[in-house]
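Hi! Here is the structure I promised to pass on.

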Amino acid sequence: LVKLDILGHDDPTVIKMLEDLTDRDPKTIPFDDPETMSLFSKTDALGLTPEQLGSTVGTFGIPEFGTKFVRQMLEDTKPKNFSELVRISGFSHGTDVWLNNAQDLIRAGTAKLSEAISARDDIMVYLIHKGVKPQTAFKIMEGVRKGKGVKPDDVEAMKQNNVPDWYVESCQKIKYMFPKAHAAAYVMMAVRIAYCKVHYPLPFYASYFTVRATEFDAQLISQGEAILRQKLAELEQKGNGASAKEKGLMTIIEMALEMLLRGFSFRRVDLYESHATRFLIDGNSLLPPLAALEGVGDNAAKNIVLAREEKPFTSIEDLRLRSRVSKTVIDMLREHGCLEGLPENNQMMLFA
């Protein structure tokens with residue numbers, strides 16, 4: 001299954017960046033590494049407590065498993081292996097598969113994680129195993145995955161083969177189901193990225209923040225843990241009233257806090273050292289790109305880099321003219337401390 005960035009899936013870009021930063025072939029990453037798997041049920045592998053992290057699982061930033069919705073799934077199910085993660089991926093991508101359905105069955109102890117319906121394939125395989133004719137099992141699966149429920153004659157066929165009532169009721173509730181192949185492909189990428197989060201932390205954070213550089217606010221992040229926690233609390237109080245941009249910033253703050261708690265740090269954006277759009281690893285720190293400053297877009301950042309490669313800036317005026325950036329960009333660079341030591345214009349430098 002090919003996932004393309006243009007479709008909204010940035011996993012391939014992250015994995016390619018991780019490969020470049022770690023020299024590790026992603027195909028050699030195991031799917032059963034104990035520390036990696038532990039992220040999906042606890043926080044120990046990060047060296048953090050749930051109280052520090054604000055979560056009982058360590059999957060912030062892991063595709064398919066980092067949202068609050070799926071983290072709650074992980075807390076409910078406590079997965080221990082790859083196949084259980086595939087089931088959770090199926091739950092999270094279906095409609096009426098988890099909420100008011102599998103979640104209730106698992107919490108009540110009516111069904112185990114391995115028994116609740118997760119992906120469309122589960123239905124056909126389970127029914128054939130119970131003794132339902134293959135053609136009938138396939139027809140039932142197709143009806144359920146399309147949200148059409150189960151027809152009375154098929155319900156009777158299920159009951160004749162001792163299919164429990166809760167299973168039939170679960171089928172009747174489902175509106176859409178994910179194919180297991182899709183879920184497996186998603187989890188393969190997620191586990192590879194999770195492995196790097198545990199074993200190559202700075203490359204993981206550099207890759208994560210790079211693909212979200214437009215949402216990163218370097219001026220805010222540079223102010224440290226106390227300010228970040230205060231800002232996060234403010235945004236959380238807005239609840240569903242938070243804008244899409246604010247929700248994106250909340251995720252960035254959560255990831256930045258996690259990184260800081262693990263003993264790493266952020267440098268301030270540097271006019272001469274920062275990349276235009278990528279986060280760079282510098283010792284135990286990340287150096288944010290120029291584009292990570294709010295108001296400094298990718299084009300302005302790239303123009304600054306092109307201009308500085310020609311020759312050093314002699315003044316703020318020289319920077320503005322040669323990189324063709326706006327006053328807003330100059331003001332943000334000034335506020336962040338990037339222009340310290342640069343005179344306002346060349347004439348001032350000559351008379352200094």
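**What I found**

Serine 207 sits in helix α12. Keep in mind from the start that this is a predicted model. Serine 207 has a relative accessible area of 0%, so it is buried. Who are its neighbours? Leaving aside residues up to four places away in sequence, serine 207 touches Val14, Met17, Leu18 and Leu21.

Helix α12 spans residues 201-211 and lies across β1, β2 and β3. Its angle to β3 is about 25°.

**The sheet**

In what order do the three strands of the open sheet come? The order is β1-β3-β2, and the pairing is mixed. The edge strands are β1 (265-266) and β2 (280-282), each of which pairs on one side only.

Now for the inside. In soluble globular proteins, nonpolar side chains tend to be buried together. Here, the largest nonpolar core has 109 residues, and the ones with the most contacts inside it are Phe65, Phe91, Ile123 and Phe209. Helix α11 (residues 180-199) gives the most to this core, namely 11 residues.

Not counting residues up to four places away in sequence, it touches Ile117, Ile140, Met141, Val144, Tyr167, Cys171 and Met177. One of these, cysteine 171, counts as buried because its relative accessibility is 0%.

**Cysteines**

Another cysteine to click on is cysteine 196, which is buried with a relative accessible area of 4%. A disulfide is a covalent bond between the sulfur atoms of two cysteines. How many disulfides does a search of the whole structure find? It finds zero.

Glutamate 19 lies in helix α1 (residues 11-22). Is glutamate 19 buried or partly exposed? At 29% relative accessibility it counts as partly exposed. Its contacts, again not counting residues up to four places away in sequence, are Arg24 and Pro26.

After α9 comes asparagine 162, and its phi is positive, near 60°.

Aspartate 96 has a phi near 60°, a positive value in a residue other than glycine. You can find aspartate 96 in the loop between α5 (82-93) and α6 (98-108). With 31% relative accessibility, it counts as partly exposed.

Arginine 324 is another case, with a positive phi near 55°, and it too is a residue other than glycine. Look for it in the loop between α17 and α18 (327-336). Is arginine 324 buried or exposed? Its relative accessible area is 62%, so it is exposed.

**A buried aspartate**

Last stop: aspartate 318 in helix α17 (residues 316-323). Aspartate 318 has a relative accessibility of 11%; the cut-off for buried is under 20%, so this residue counts as buried. Apart from residues up to four places away in sequence, aspartate 318 touches Pro312, Phe313 and Asn346.

That's the tour. Happy exploring!

Methods:
Residues are numbered from 1 along each chain as its sequence is written. This is a predicted model: local features need pLDDT of at least 70, side-chain atom pairs count only at pLDDT 80 or more; totals for chains, interfaces and linings use all residues. Side-chain values use heavy atoms; hydrogens and water are left out. A nonpolar core is a set of buried Ala, Val, Leu, Ile, Met, Phe, Trp, Tyr and Cys residues joined through side-chain atoms within 4.5 Å. Buried means under 20% relative accessible area, exposed over 50%, partly exposed in between (1.4 Å probe, protein chains only). Helices (H or I, at least four residues) and strands (E, at least two) are DSSP runs, numbered from the N terminus. Contact means heavy atoms within 4.5 Å. Two strands pair if DSSP finds at least two bridges between them. Axes are lines fitted to C-alpha atoms, for helices over the stretch in contact, and angles run from 0 to 180 degrees between N-to-C directions. A disulfide is a pair of cysteine sulfur atoms within 2.5 Å.
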